Structure formats: C-alpha cells, structure tokens
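These are my notebook entries on one protein structure. I set down what I looked up, entry by entry.

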Amino acid sequence: MDAIVKCIDKITPTFEKISRNKYMVAIKDGFMETMPVVVFSSLFLLIAYIPNIFGFYWSENVETWLTKPYAYSMGLLGLIMSITTAKHFTAGLNRELPIDTQLNTVSVMFASLVGFMFLSADQIKDGFSNGYLGSTGLITAFISTFVAGNIYKSCFKNNLTIKMPKEVPPNISQAFKDIIPFGLSLLMFWVIDYIIRTTIGTNLAEAIIVLIQPLFSAADSWGGTALIYGAMAFFWFIGIHGPSIVNPAINAIAYINQANNIEAFRQGLHATAIVTPNTGEFIATLGGTGATFVVPFIFMFCSKSKQNKAVGRAAVVPTSFGVNEPILFGGPLVLNPIFMIPFILAPILNVWIFKFFVEVLGMNSMVAQMPWTTPGPIGAFISTGFSPLSLLMMAILLIVDTLLYLPFFKVYDKQILEKEQAEEALIDMEEENAEETAERDVKLIEEGKRLEEEVNVLVLCAGGGTSGLLANALNEGAEEKGVKLHAAAGSYGAHHDILPKYDVVVLAPQVANNYEDIKQDTDRIGNKLIKTAGKQYIDLTRDPDGAVKFILSELEKEQ
C-alpha cells in the first residue's frame, strides 16, 4: 500500500495542472451555466412523448407547442455555449494579464458568438439554418471561443488597440480598444469559413461531426465506457475532481448522443447511445463518483467501529442526492488504497450492466436530462423514459456495488476499530489541555459578537452541493452564538461575478487545487481565501460551533 501511495503522490501534480488548464476549466464552467437550459427543456419532452408509451399521442399542433421550449433552449445549446464558455475563458485569460490590461468579457463573448454563427450556421433567405446551433455545434462553440479569446489576448498584450486620450470616459475608451481585436476575430472566422466551404462544401460544424463520427462508436464501446468512467473515478481517487478532467473531453459527444437518443425516442425508435450526461450521473457515478450510493449504508449497518457508523449516518442523505464528498473525505475513500479497486471498478461494472440492458434487453438509453441531484434510481427511471426494465437494472447495480465494496470495507473497518481502541488510552492526556482550549474558544466567540460589520463567507465546491453543507453549518453556528457572520454556497466557475460581495472565500477539498488561480482574484479584491482538506472539511460541516470558530481563527491570523 505504501508503494501505491508513493505512486499517487508522484502523478498527482501532473493531473492537477491538467484540471486547472484554462481551456478545460472554461468548458467545464461554461457547461455548468447551461444546466437550467438542459434540464428545463427535457421536462417538456417528457410531457410530449412519454404518453406515446401508453398509446396516447398528442395532436400535431399540441406536440409542436410542447416541443417548442426544447427547440428554443437545447436547440440553441451550441450558441449558448459559445457565450458561456467565452465568459469563463476570458476570466482565465485576464489572470495572465496585468490589472490595467484586462479584456472586456462582453466583447469577447460577442466575438465568440459571431464566430460560432460563421462556422455553424448556413445563411438562408430571411435568416439562418439552425441545424448546427444545438448540441451538434458544441465543438465549433469551443473553437470560436478559443480563437476569439486568444486574438483578444494577443492584441491587448502587444498594445494592438486603439488608444484614446485619458480625458475620454473609460467605457467609451474601452469600446474603441475592442475594435481591432473584434475586427481581427471576425476576419479570422470569415477566412476559416471561406476555406472550409470552398474545399469541403459545408460549414465547419457539419464537417467536424462527420470527421469525429467514429469517436461516437468508440466512446460507446465496452472499452470506451470503461476508459471514460474508470478515468473519472481514478482522478477522484487521487484527490482531483475527476469530472473536471474527463467531462470537458467527452461533453460534446455526450450531448450529441443525448440529442440522438431524444430524436429516436420522438420517432418511437430504440434509443441506443450509451455515453450521455445522465449515464454518468445515475449509472457510472450512482450516488457520486466511485458509484458510492450504497457505501454510506454499508458504513451504517456493517460497521463495528463508532467512527464509521457516524460517517455513514452523516453521509447517507447527501450521497443519496449525488453529493458524496462526506463519504469521500469522511471515510475516507479517496487516497485510501483499501478502496482503490472498488472505487474504480464499480463505475465500470455499472455502465457495462447498463450497456447490456440497452443493447441486449432492448431498454431505452437516456432520453431525458434530469438534474444531477436527483436520487440515482429515480433519475435513471425517469431518464430512460420510465422504462420498467430500468427498475430491475437499478436493483442489480445496487447489489453488485454492495458486493464489490463490502469485503474491502470489512478490512478497513477492522483497522479503524483497532485504532479507536488504541486512542481511548489517550483521552485522559487530552483532557489536561481542554481548559486552555475552552478559554481560547470563548475568546474567539466574544470577539465575533463584537465585530463592527457582518462577515460574509462564500463556500465554493465543484457543483454547489458540498459547499451548502458547510454554509448551512456556519449559519447555524453563527445564529446560535450570536456571531455577526453569514455564509452562502456556490460552485467554482460561477463565482467570478459575486466575489466582491464576500469577505472570506472557503474552497472545499475538490476545488482546493484551484487555490493559486482564485488567489489572484481574491488578492485583487481583498478577500480572505481559505482552502480545506478532506476530513477537516467534513468535520466542519458536522460541527456548526467549530465551523464558526474556524473562520474566526483564520481571520484572527491576519490581525
């Protein structure tokens, strides 16, 4: 096991750099902002086509009205992503530029949008074709973003802008600064579009789809699914947020597959594409990365140690809703060699069982997009179009995952039980320092009550779920003790616009590797930035009083 730990220590820094890459971060955060669009549109498709299963069909007019929200939301996903990705890519570029040479986010977003239209839409009479404005245009959206962003960066870095006299108001001066980079971006897209259309005879978006078509079959293969979801679990196991690395690479394929499944479902055909967003959320990462839905129950009911029982009770509710950090770091499962095999193998077996049900037994794959916080068994049932076979499949997944994790848990539980028995002998020694610690805690709380202004704390995690656990604990503890402190939860990537509203920013463990990036923002604004480790974070979420003291002690260090 020591050899495994040493190997993990050597490779972790490399993958941390990959996860912080500004291109991958922009794609990940751009997708995060489109979630309301994706989820909202799917609800209308369920209403429109689920009745078909029972022999009821809406009239053509009603069906058109029911599917209109989908056409005007998911049907424009590529266009929307050209905007949201550009927003976050610009934020990443601005960290590399001097404070007085910052890119205009809105201008880059406009340039990216124009570029996307050049490369994805065909001009028709009185408008544009919309065939590649949705999920099929995602790759083109990324290209337009990165081309526009880098042109802007190069122009600003090399002072290739129109400079106005200092007497000109900043907003007008900024508009003139953007003229040259915007013009060069538009020219670049015009040239690319001209070359592609004259040589291939189609737009770039369509050409890319034709070119990467073999990747769809490869991704959906037995080996492809094992690589995708096994890699996601592996990265999380070594302490790096796995989806941050894997999802940007497969999201385009996943959403195109989703659109193909939906179209097949609409036509009454068999939806067979395997790799979709909900496949990861409700099958491969059932309960969270590592397929941990069953793990808190194992900790609760099969543990002989008090610690593991407590961890299971604390983690069972959040894990049921896909927020599995309490068990990942509270167990811990990540960076724990005992759980390495089940943590990586369970997601692979889950998606293979799903693939068997789809390809052999004829169950529909995912035909709707549900929020990732939907409990896995419920989410899979709805996303497969209420397929009865999905209920049998989920029962099998839960049994397989339990049988896979259980023997490894027993080994771990034995170790923890022995550790607990050894630690009981140290209790008397710790009590000698209890009085001194209590006096310090009282002093911290009293100082917190006397604060002149309320301290606003922002807790950030990957998706906004885990951060809510600590934010709730902080608010509860502050209210109980009368401390002037208020906390809010957020997701990393959607935080840029709200940072100035907060005095303290706390990074949950899964985004702690972004510390150096966000520190550039917090230093500029003047926030206090704190990163947390796994067990430390989980302990704070369970201890409202201790969470408040933790923030106050961190603030005390600056005084």
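**Entry 1: a salt bridge across the sequence**

I began with Asp 122, which forms a salt bridge with Arg 197, the closest N and O atoms lying 2.8 Å apart. I count a salt bridge where a side-chain nitrogen of Lys or Arg is within 4 Å of a carboxyl oxygen of Asp or Glu. Asp 122 sits in the loop between helix H6 (105-120) and strand S1 (123-124), and Arg 197 in helix H9 (residues 179-199), so the pair ties together parts 75 residues apart in sequence. Helices (H or I, at least four residues) and strands (E, at least two) are DSSP runs, numbered from the N terminus. I then looked up accessibility: Asp 122 is partly exposed at 24% relative accessibility, and Arg 197 is partly exposed at 28%. Here buried means under 20% relative accessible area, exposed over 50%, and partly exposed in between (1.4 Å probe, protein chains only).

**Entry 2: basis of the values**

I note that this is a predicted model, in which local features need pLDDT of at least 70 and side-chain atom pairs count only at pLDDT 80 or more, while totals for chains, interfaces and linings use all residues. Residues are numbered from 1 along each chain as its sequence is written, and side-chain values use heavy atoms, with hydrogens and water left out.

**Entry 3: salt bridges within helices**

I searched the whole structure and found 13 salt bridges. In one of them, the side chains of Lys 355 and Glu 359 meet at 2.6 Å, N to O. Both residues lie in helix H18 (residues 340-359), 4 residues apart, about one turn of the helix. Is Lys 355 buried or exposed? Lys 355 counts as buried, at 4% relative accessibility, whereas Glu 359 is partly exposed at 43%.

I next looked up Lys 549 and Asp 545, whose side chains form a salt bridge of 2.8 Å, N to O. The two are 4 residues apart in helix H26 (residues 544-557), which puts about one helical turn between them. Lys 549 and Asp 545 are both buried. I also recorded a network in which salt bridges with shared partners join Lys 22, Glu 96 and Lys 153.

**Entry 4: nonpolar cores**

Which residues touch the most other members of the largest nonpolar core? I found Phe 299, Phe 343, Met 393, Val 457, Leu 474 and Ile 551, out of 138 residues in that core. A nonpolar core is a set of buried Ala, Val, Leu, Ile, Met, Phe, Trp, Tyr and Cys residues joined through side-chain atoms within 4.5 Å. Leu 474 touches, among others, Val 457, Leu 485, Ala 547 and Ile 551, leaving aside residues up to four places away in sequence; contact means heavy atoms within 4.5 Å. A second, separate core has 13 residues, including Ala 462, Ala 488, Tyr 492 and Leu 529.

**Entry 5: the whole protein**

I counted 26 helices and 6 strands. Buried residues make up 53% of the 559 residues. Among contacts between residues at least 6 apart in sequence, 76% join residues at least 24 apart.

The domain assignment gives domain 1 (73-212), domain 2 (217-420) and domain 3 (444-557); such bounds come from an automatic or database assignment. The C-alpha centres of domain 1 and domain 2 lie 36 Å apart, and their contact takes 7 residues from domain 1 and 5 residues from domain 2.
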